[in-house]
Amino acid sequence: MGVLGLSLGYVLSTTTLSLTFLYQGLQLISFFLIFYALINLIKIRVTYSYFNFIVSIYLLWQILILVRGDYTDLTYFGVKQLLFNLNYGALVLFVPFIAFLPLKIIVLKKLFYVIGIMSFIFLFLAFFNLPVLLNPDLLDLDSMGMIETYAKYLALPIGILAINFDLLERRYKILVVITSLSILLLAIFRARRGLIFIELSIITVSLLVHYYKSHKKMSIFLFLVYFLFLSITYFSSKTDFFQLSFLNNISEKGLQNTRNYVESCFFNDMTFIDYVVGKGYNSGYRCPGIDDSIFKDGIRTVIETDYLQLIMIGGIVNLVLLLLCIIPALYLGLFKSNNIMVKSLVLWIVIWLISLYPANVYSLNLYHISIWICVGFCYSKSFRELSQEDIRIYFLKEIDPNKIIT
């Protein structure tokens, strides 16, 4: 409920640009709800383990990033951004605390349930604001920002359900298909390359997992070959693939390289020490001519690539600590598990790691939160030892989770 209210409040406050105080009030209430829940749920394990040690070190580094931050020109608006901005706000740094949640399978089932609610809200808001989303003006910032905000904070988490398609009830399956296609089609129309890449990655991985689990592999294979043949035949009949009206935005804007200048400014401004330990929270790099109306004196505090953003605020140390938390989880989930679901969680984490380059997904949203939940389950030996059949029965039938895993 806390994450749902937090996400909805942020989405409405950044896309409607009215009644902001009301939506930020919803965010504030949601923050208190989340903190109350975490105090009651999270248990810091006092026993020594690699997981406890490395995640604790990583969180301590996040605190150091905040302490070393630049707050010289912090205004009232800046304080509000620090608290309520789920994209670059200070609280984003503490999402890894989620990894200390009690590792019961009911957490995953509740996660799926909340993702379903968020996807429904996404479809409702997208339909309600369809005239804005389909604005033919390629430079319309409202429509571009709206689809990315809707997707990042409401819709993208549906991918973890898509990867575990066989564990869903029929109503969830329909919701997964509609939501996934809606994200992709709207992203293509608005020429949001990062979002297109992420959604295509999710859909591709989901189809591969579904094919792997299916007992009708030959039928699916023949269908895909037939579909590919028809697609090639259709598109080859066009003199210019990008003259298709639906893909005009991609051809006009989506294929342009818009990052070279910003990334060049970033690399030119970073020193050796900056690369190692970072500049601290809310620090930036000199990049005149880009968003001058937003960033004072041409100093941008954000860069549209999460890997570079992580290095800018916390250095390579920050990135290495993140990978030291996650990579062992990938190994355990992939090679030391007895069920396919853990392997699907590994794929979900890998998609997120890849997505850190084309987009900003290291945010305070359910997508990021789900990653740390998955990391925690990959470290859980008892969960990795479950059979796939036990997991399937639990997700498709109402039974006591304590009879499966404690």
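Let's start with how α7 passes α9: the crossing is left-handed. By left-handed I mean that the near helix is turned anticlockwise from the far one by less than a right angle; clockwise would be right-handed. The contact uses I147, A151 and A155 on α7, and T179, I183, L186 and A187 on α9. Contact here means heavy atoms within 4.5 Å. By class, that gives six nonpolar, one polar and no charged residues. The classes are simple: Ala, Val, Leu, Ile, Met, Phe, Trp, Tyr, Cys and Pro are nonpolar, Asp, Glu, Lys and Arg are charged, and the others, Gly among them, are polar.

Now the geometry. Two packed helices are described by the angle between their axes and the distance between the axes. Helix α7 covers residues 141–155 and helix α9 covers residues 170–189; their axes come within 10 Å and cross at roughly 155°. That makes α7 roughly antiparallel to α9. The cut-offs: under 35 degrees is roughly parallel, over 145 roughly antiparallel, 65 to 115 roughly perpendicular, and the rest oblique. The axes are lines fitted to C-alpha atoms, for helices over the stretch in contact, with angles from 0 to 180 degrees between N-to-C directions.

A word on what you are looking at. This is a predicted model, where local features need pLDDT of at least 70 and side-chain atom pairs count only at pLDDT 80 or more, while totals for chains, interfaces and linings use all residues. Residues are numbered from 1 along each chain as its sequence is written, and side-chain values use heavy atoms, with hydrogens and water left out.

The overall count. The chain has 19 helices and two strands. These are DSSP runs, numbered from the N terminus: helices are H or I with at least four residues, strands are E with at least two. Of the 406 residues in the chain, 50% are buried. Buried is under 20% relative accessible area, exposed is over 50%, and partly exposed is in between, with a 1.4 Å probe and protein chains only. Among contacts with a separation of 6 or more, 75% join residues 24 or more positions apart.

Next, α1. It runs over residues 2–15, and its end C-alpha atoms are 20 Å apart, which agrees with the 20 Å its 14 residues should span at 1.5 Å a residue. The expected span is 1.5 Å times one less than the number of residues. Buried residues of α1 include L4, L6, Y10, V11 and L12. What do the buried residues of α1 pack against? The partners are α2 (20–41), α4 (76–84), α5 (105–128) and α7.

The axes of α1 and α7 come within 10 Å and cross at roughly 175°. That makes α1 roughly antiparallel to α7. On α1 the contact residues are S7, Y10, V11, T14 and T15; on α7 they are M146, T149, Y150, Y153 and L154. The classes here are six nonpolar, four polar and no charged.

On to α17, residues 366–379. It has 14 residues and reaches 20 Å from first C-alpha to last, close to the 20 Å expected. How many of its residues are buried? The count is 14 of 14, and the helix is mostly covered.

G376 sits in α17. At 1% relative accessibility, G376 counts as buried. Leaving aside neighbours within four places in sequence, G376 is in contact with A99 and L103. G376 and I98 are 278 residues apart in sequence, yet 8.4 Å apart in space, C-alpha to C-alpha.

Then α15, residues 306–335. The axes of α15 and α17 come within 8 Å and cross at roughly 55°. The two helices are therefore oblique to each other. The crossing of α15 past α17 is left-handed. From α15 the contact takes L322, L324, C325, I326, P328, A329, L332 and G333; from α17 it takes W372, V375, C378 and Y379. That is eleven nonpolar, one polar and no charged.

Last, two backbone points. Most residues other than glycine have a negative phi. A191 has a phi near 55°, a positive value in a residue other than glycine. A191 lies in the loop between α9 and α10 (193–213). At 2% relative accessibility, A191 counts as buried. N282 also has a positive phi, about 70°, and is not a glycine. Its loop runs between α14 (272–277) and β1 (285–286). Is N282 buried or partly exposed? At 30% relative accessibility, N282 counts as partly exposed.
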